[in-house]
Amino acid sequence: MEEMIAGNFIHDIIDADLREDPNIKIHTRFPPEPNGYLHIGSAKAILINYETAKKYGGKFNLRYDDTNPAKEDNEYVEAIYNDLNWLGATPDGGVFYGSDYFDKCYEFAVKLIKDGKAYVCDLSAEQMREYRGTLTEPGKNSPYRDRSIEENLDLFERMKNGEFPDGAKTLRAKIDMASSNLNMRDPAIYRIVHTSHHRQGDKWCIYPLYDYAHPIQDALEGITYSLCSLEFENHRPLYEWVIDNIGFDPKPKQREFARLNVTNTVMSKRYLRYLVENDMVDGWDDPRLPTICALRRRGYTPTSIFNFVRSAGISKANSLVDIDMLEHSIREELNRCAPRRIAIESPIKVVITNYPEDKTEYFELPNNPQDPEAGTRAIPFTREIYIDSSDFAEVPPPKFFRLKPDGEVRLMGAYIIKFGELIKNEDGSIREIHCTADLETRNGNPVDGRKIKGTIHWLSVPYAKDATLMLYDKLFTIENVNAIPEDKTYNDYLNPDSLTVINNAKVEPALSEALPGDKFQFVRNGYFCKDTKHENTFNRVVGLKDSFPKKQ
């Protein structure tokens with residue numbers, strides 16, 4: 001193998017199975033419902049299934065769980081496929097749709113009826129809940145449970161033919177209403193839904209439920225391990241019941257892992273859709289969202305996302321992972337490879353009074369101090385330059401080593417300048433600062449040996465380009481969005497400062513050639529990515545400061 005894939009408890013299970021039967025051909029799948037966009041939690045399921053297949057030389061399928069036509073759309077189908085390929089988890093086993101198995105699901109449902117293991121039930125959804133019982137009390141048999149096979153076959157065909165309205169009848173598996181597992185108390189396996197399907201059109205008005213359709217799909221595709229999140233652990237007996245009673249051999253195995261929960265964000269597709277549909281964010285790819293397309297637009301990479309998932313761990317123990325770990329992952333990567341560029345968020349003009357008005361010279365600055373082979377680029381220097389307003393203080397605080405009255409500061413890679421005069425507008429705001437340059441220094445030290453403590457970044461006024469900077473912060477003010485009090489909603493904890501827009505920023509000339517998706521370190525500001533939707537806009541991926549503990 002080209003690379004070693006770290007083991008986990010799932011691989012331990014597979015290793016044990018392979019010792020019993022070395023001929024098992026590992027085959028996994030990722031089965032998203034196309035009712036929204038994939039998010040960072042989806043990345044964990046993708047990684048586990050994809051890397052498991054890769055580690056054992058097997059196959060990995062993408063299968064759309066499109067069994068609920070009311071919520072699904074081709075927009076989501078395409079987005080899921082694009083995200084999967086962008087992550088590098090190419091479905092080499094094939095791309096499939098749950099709806100392509102509807103004929104088989106119907107055929108197997110008829111078999112269950114003929115075997116006396118399924119029946120048509122007239123109870124409403126509310127009545128079914130009443131009959132189901134509780135965790136401490138057994139359920140009650142439906143009054144329709146003992147219908148004859150002939151009557152059930154007739155009613156099920158009439159359901160298929162559209163003779164009954166939505167909710168009038170369901171097909172239920174006949175298992176055990178006294179089971180300690182509520183999922184085994186005669187679960188519904190088909191319901192009536194008179195809604196056009198995005199692929200099947202109006203061919204069907206009955207649709208299989210996930211717990212029934214999923215094991216059938218796995219078996220028909222030759223999936224050996226159905227790896228899913230922990231909420232399906234109590235559904236495993238039903239998964240196995242369907243496999244056993246339809247008579248599949250070999251039998252796929254369902255095994256579960258803990259979901260990925262991340263601080264200060266939400267994984268609910270319903271709520272993410274709410275934010276999008278109510279124009280509270282800039283679409284599904286708004287860089288504040290945890291969707292894969294939003295992370296891509298913000299500037300995250302597939303490597304950083306998967307490294308984050310691996311660092312968070314793969315286990316059966318639920319946990320809340322600090323979003324700082326995700327930021328640490330992309331920061332480490334970009335620190336190694338991102339070209340350095342200059343951007344000034346809040347520009348103030350500085351006039352170098354002893355520098356010729358018509359002169360332009362160039363200073364070489366490294367593209368990446370971490371990588372000497374990245375080379376240098378030339379930055380133009382002129383009489384008028386911009387510095388950031390934060391780098392000047394008319395009344396400086398203690399230990400302020402940037403530009404101040406009667407002070408000196410080094411321009412990064414260029415001259416040392418000394419404060420001369422402050423020019424203000426009528427309203428008292430700063431119009432420009434006049435300074436003189438020590439023209440003997442260029443990018444060297446003063447000849448008299450004096451020490452200059454501060455260094456600031458700068459840009460030439462005539463050469464600087466306009467840009468908009470989008471500064472993103474956490475989406476929610478509360479760490480654990482799963483612990484919101486009952487009298488509150490997600491909206492109560494939305495961070496009002498999750499986005500700051502800087503419209504009057506200045507950037508160095510080289511950035512005018514940046515392509516959408518290109519990533520940079522803006523010196524002293526953070527890591528930024530050229531936006532894919534808006535001109536001359538750069539999204540802050542993450543700040544420079546890393547609060548996540550370093551590995552020892």
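Predicted model: local features only at pLDDT ≥ 70, side-chain atom pairs only at ≥ 80, totals over all residues.

The largest cavity has a volume of about 50 Å³. Rolling a probe the size of a water molecule over the atoms shows where empty space is left.

Which residues line the largest cavity? They are Tyr210, Asp211, His214, Pro215, Phe232, His235, Tyr239 and Gln254. Helix 7, residues 210–221, gives the largest share of this lining, with four residues. Sorted by class, the lining holds four nonpolar, three polar and one charged residues. Asp211 is the charged one, since Asp counts as charged. Tyr, Phe and Pro count as nonpolar.

Three strands form an open sheet here, in the order 1-2-3, and their pairing is parallel. Strand 1 (27–30) and strand 3 (94–97) are the edge strands, and each pairs on one side only. Neighbouring strands of this sheet are turned by 30° against each other on average, direction ignored.

Look next at how strand 2 meets strand 3. Strand 2 covers residues 59–64, and four bridges join strand 2 to strand 3. The two strands run parallel. What is the bridge partner of Arg63 in strand 3? It is Phe96.

Helix 3, residues 74–87, lies across strand 1, strand 2 and strand 3. Helix 3 runs at about 160° to strand 2.

How many strands does the open sheet with the order 21-18-19-20-14-17-22 have? It has seven, and the pairing is mixed. Its edge strands are strand 21 (455–456) and strand 22 (459–460). Each of these edge strands pairs on one side only.

Within this sheet, follow strand 14 and strand 17. Strand 14 spans residues 347–352, and strand 17 spans residues 384–388. Five bridges join strand 14 to strand 17, and the two run antiparallel. Ile348 stands opposite Ile387 in strand 17.

Terms used. Residues numbered from 1 in each chain as written. Heavy atoms only, no water. Pairing = 2+ DSSP bridges. Axes fitted to C-alpha atoms, helices over the stretch in contact; angles between N-to-C directions. Contact = heavy atoms within 4.5 Å. 1 Å grid on protein atoms, 1.4 Å probe; cavity = no way out; pocket = protein on both sides within 12 Å on 5 of 7 lines; lining within 4 Å. Points joined across faces, edges and corners; volume = space filled by probe spheres on them.
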